[in-house]
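Please read the following report with the sequence and the structure side by side. It takes up the backbone and the packing in turn.

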Amino acid sequence: MIISLDGWAAGERTFRFHADTEFFQAFDNKEILEAGIDVEIKAVKEGTRKVKADLHLSGTLTVLCDRCLEPLEIQVDTRPEEEFEAPSTESDWDFSQAVYDYACLSVPIHKVHPEGGCNPDTVKFLSHDGQKDEEAAPSSPFSALKGLFESK
Ligand SMILES: [Zn+2]
């Protein structure tokens, strides 16, 4: 996601990129399973080496739900407040790190499906509260796993 600062006159230019799953894997991110983020960079050139830019990210990121461990799609639509200023010594301006950082920032700390959206089967086995509902079942966690395998 590199903008060349050479070869265009003063004024505004819009650059578009796409951050896909491989983009996040290149950052060694294991949390993001799938990604499809459209990146729009509006750059304003005020002088040969004076360029400012606004960033807009929109699309989806897929992570694992904290509650049921099933894939959870997160809608991303973020316009960082930060105003980016081009490096004054280079002719290329790389936005990869900024795109990565702001995309990751838009993932909430508590990543859970909306109420009722979790996979009830996995929640049942993963939830600690669920054990209270079991009547005379032995308290060994392996008994729950045994049931899981037998039901298949
Ligand atoms: Zn869930």
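Leu69 is found in the loop that links strand S4 (50-64) to strand S5 (71-78); helices (H or I, at least four residues) and strands (E, at least two) are DSSP runs, numbered from the N terminus. The model is a predicted one, in which local features need pLDDT of at least 70 and side-chain atom pairs count only at pLDDT 80 or more, while totals for chains, interfaces and linings use all residues. Residues are numbered from 1 along each chain as its sequence is written.

Leu69 has a positive phi of about 60° although it is not a glycine, and Leu69 is partly exposed, with 14 other C-beta atoms within 10 Å. For burial, a residue is called buried if 20 or more other C-beta atoms lie within 10 Å of its own, exposed if 12 or fewer, and partly exposed in between, with C-beta atoms placed from the backbone. Most residues other than glycine have a negative phi. Asp28, in the loop between helix H1 (21-25) and strand S3 (34-47), also has a positive phi, near 65°, and Asp28 is exposed, with 6 other C-beta atoms within 10 Å.

The chain as a whole contains five helices and seven strands, which follow one another from the N terminus as β-β-α-β-β-β-β-β-α-α-α-α. Of its 152 residues, 14% count as buried. Two residues are in contact if their C-beta atoms, placed from the backbone, lie within 7 Å, and among contacts between residues at least 6 apart in sequence, 62% join residues at least 24 apart.

| Strands | Sense | Bridges |
|---|---|---|
| S3 and S4 | antiparallel | 13 bridges |
| S4 and S5 | antiparallel | eight bridges |
| S4 and S6 (84-85) | antiparallel | two bridges |

S3 and S4 form a hairpin with two residues between them, and within this pairing the bridge partner of Ile37 is Gly59 in S4. The hairpin of S4 and S5 has six residues between its strands, and Leu69, with its positive phi, belongs to that hairpin. Thr62 stands opposite Glu73 in S5, whereas Lys52 stands opposite Glu85 in S6.

Which residues of helix H2 (96-105) are buried? They are Val99, Tyr102 and Ala103, and, seen down the axis of H2, they fall within an arc of 105° (the arc of the directions from the helix axis to the C-beta atoms), so they line one face of the helix. An α-helix has 3.6 residues a turn, so residues three or four places apart point the same way. The buried residues of H2 pack against strand S2 (11-20), S3, S4 and S5, while Gln97, Asp101 and Leu105 are exposed on the other side of H2.

Beyond this helix, Lys111 lies in the loop between H2 and helix H3 (120-126) and counts as partly exposed, with 15 C-beta neighbours inside 10 Å. Leaving aside residues up to four places away in sequence, Lys111 touches Val63, Cys65, Asp66 and Leu72. Lys111 and Val63 are 48 residues apart in sequence, and their C-alpha atoms are 7.8 Å apart in space.

Notes:
Two strands pair if DSSP finds at least two bridges between them.
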